[in-house]
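Here's a walk through the structure below, taken one topic at a time. Have it open as you read.

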Amino acid sequence: MGIVGELEPKEVFHYFEKICQIPHGSGHTDAISEYCLEFAADHALVCRQDESGNVIIWKQASPGREQASPLILQGHIDMVTVKEEGCMIDLERDPIPVDTDGTYVFANGTSLGGDDGIAVAYILAILSSDTISHPALIAVLTVDEEIGMLGAEALDVSDIHANTMLNIDSEEEGILTAGCAGGATVYVDFPAEKETVSGFVAHLQFSNLTGGHSGEEIHRERLNANALFGRFLLDAPDDLMIRFGDLSGGKKDNAIAQNFSAVIVTGEQQREDLLSYMEHFKDTIMRESGATDPDAALLLRPVGIAQAEVIRSAEAQAIRSALSLLPNGVIRRMPGMTDLVETSLNLGVIREKKEEEGKSFVRMTYCVRSASDTQKATLIRKIKEMTLMLGGESSVTGAYPAWEYREISPLRDAVSAVYQKQYGEMPRVNTIHAGLECGVFASKIPELDCISIGPDIPDIHTVREHMDVRSVQRTWELIKELLRVWE
């Protein structure tokens with residue numbers, strides 16, 4: 001395997017490798033924010049860091065380019081941190097184990113953070129260069145994009161005097177993204193006090209599901225491990241009277257849950273019935289979803305006749321009903337364009353928690369997305385109404401608006417012209433179901449003209465994430481040429 005910093009373009013991969021050495025998961029971006037601040041000081045660039053950790057860096061236009069319109073270059077400095085089962089790396093403290101085979105850049109055992117580390121690397125490479133011709137530039141590097149656009153929402157844009165922005169947070173070369181869904185995180189909490197019961201005890205585990213990004217891959221109908229537990233309870237024969245506790249599933253609200261575990265208890269005489277049901281359930285799920293989740297492992301590991309702590313019956317019934325009845329996945333497709341998702345819901349995380357006063361509860365964390373702000377609001381109201389009806393509580397955080405497509409876009413035209421010259425064909429213009437910060441900035445900067453681009457980075461937000469080296473090279477050439485011709 002090779003050294004990532006020696007890949008071409010070296011000026012880009014140098015910074016990407018450096019970024020990978022600095023832990024920067026969402027909610028833990030202080031170190032990477034300070035690094036960007038130090039970078040600006042080292043290069044004598046005007047810079048501002050706000051209370052959230054967002055960093056804005058200004059660079060004057062190249063000589064002779066002073067009359068060109070200023071351009072915002074934007075990306076986020078946080079990443080989704082996931083790792084393989086058994087991986088000993090502490091993603092809050094340790095570097096990303098980045099590696100390359102010359103064709104792809106990847107991480108060994110963890111997510112890579114190409115989303116959106118490559119944007120930061122491109123931007124720092126541009127800001128540090130004294131040979132790239134460019135207009136006046138404003139680099140906007142935001143925190144906590146992956147957990148609800150929190151940095152962009154908090155950012156004061158009063159000193160950002162530009163209304164054209166190139167966002168570098170897309171993961172498919174050849175596509176100019178010109179619109180995206182809005183979204184929000186919804187917390188659904190149910191009381192979950194425990195009691196000790198005796199019976200046949202087993203550990204339930206769903207693992208190795210395909211997972212993926214809850215925006216870009218929700219339409220692929222992959223299994224969600226958390227929602228699958230709801231199906232497990234719903235399909236179980238009534239006479240099994242399944243009790244459960246120690247619920248734990250998923251990693252991030254915006255990632256389709258790949259793993260789930262729980263303790264299961266049933267009657268002492270129902271061991272064989274439970275094991276038989278599990279085999280039937282597993283066969284059913286793999287028959288239905290083997291194409292999307294071929295490596296899924298659905299296991300029930302017997303412990304034996306024993307005592308175990310489970311959630312009290314009345315409270316467990318409310319949780320069972322919520323898991324069974326609240327929707328998950330694609331909710332509505334775009335009217336007239338059924339290949340595009342308009343509204344979706346992802347049950348990303350389930351955890352048992354305790355309040356400060358000692359009360360226990362189960363929290364279900366949902367990621368809501370919609371290209372329609374009214375449909376998003378309606379879906380959130382439905383979640384809250386169902387939760388209230390079942391005796392739970394809900395709250396909403398990290399809401400951000402949709403980014404609507406602009407019919408007239410000089411930036412889109414300019415990038416398309418550069419792309420056509422470089423590739424010999426026109427790029428595809430698209431809107432996506434995933435969330436981008438462009439919507440937040442469009443709500444703050446009047447008449448913002450914005451598009452999003454990026455190199456090929458398959459399987460973002462998973463341990464399979466990998467970045468195409470040649471695609472990074474071509475995208476670098478496209479960005480440099482855009483800066484050269486921008487008027």
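## Salt bridges

In this predicted model, the side chains of Arg 484 and Glu 481 come together in a salt bridge, with 2.6 Å from N to O. The term here means a side-chain nitrogen of Lys or Arg within 4 Å of a carboxyl oxygen of Asp or Glu. Both residues sit in helix H11 (residues 469-485), and because they are three residues apart there, about one helical turn separates them. Arg 484 is partly exposed, at a relative accessible area of 45%. For that scale, buried means under 20% relative accessible area, exposed over 50%, and partly exposed in between (1.4 Å probe, protein chains only). The areas themselves come from the Shrake-Rupley method with a 1.4 Å probe, and for residues only the protein chains shown count as cover.

Glu 342 is buried at 5% relative accessibility, while Arg 332 is partly exposed at 33%. Then there's Arg 222 with Glu 217, where the closest N and O atoms are 3.3 Å apart; Glu 217 counts as buried, with a relative accessible area of 12%. By the rule above, the count comes to 20 salt bridges.

## Ground rules

A quick word on how to read all this: residues are numbered from 1 along each chain as its sequence is written, and side-chain values use heavy atoms, leaving out hydrogens and water. Since the model is predicted, local features need pLDDT of at least 70 and side-chain atom pairs count only at pLDDT 80 or more, though totals for chains, interfaces and linings use all residues.

## The chain as a whole

The protein chain has eleven helices and 22 strands. Helices (H or I, at least four residues) and strands (E, at least two) are DSSP runs, numbered from the N terminus. Buried residues account for 57% of the 487 in the chain.

How does the radius of gyration of the protein chain sit against that of a compact globule, and what are the two values? For 487 residues, a compact globule would be near 23 Å, and the chain has 24 Å, which agrees. The radius is taken over C-alpha atoms, and the globule rule is 2.2 Å times the number of residues to the power 0.38. Along its principal axes, the C-alpha trace spans about 85 × 50 × 45 Å.

Most residues other than glycine have a negative phi, and most peptide bonds are trans. Now for some departures from that. Glu 8 and Pro 9 are joined by a cis peptide bond, with omega about 0°, and Pro 9 falls in the segment before helix H1 (10-20). Another cis bond runs from Asp 115 to Asp 116, with omega near 10°. Asp 116 is placed in helix H3 (residues 114-128) and is buried, at a relative accessible area of 1%.

Two positive phi values are worth a look as well. Ala 44 isn't a glycine, yet its phi is positive at about 55°. You'll find Ala 44 in the loop between H2 and strand S1 (46-49), where it is exposed at 71% relative accessible area. Asp 459 has a phi near 60°, again positive in a residue other than glycine. Asp 459 lies in the loop between strand S21 (449-452) and strand S22 (466-468), and is partly exposed, with a relative accessible area of 23%.

## A negative patch

Which residues form a negative surface patch? They are Asp 30, Glu 34, Glu 38 and Asp 42. Asp 42 lies in helix H2 (residues 30-42) and is exposed at 65% relative accessibility.

Patches take residues with over 30% relative accessible area and no salt bridge, joining like charges within 9 Å and nonpolar side chains (Val, Leu, Ile, Met, Phe, Trp, Tyr) within 5 Å. Asp and Glu count as negative and Lys and Arg as positive, with His and the chain ends not counted. Each charge is placed at NZ of Lys, CZ of Arg, CG of Asp or CD of Glu.
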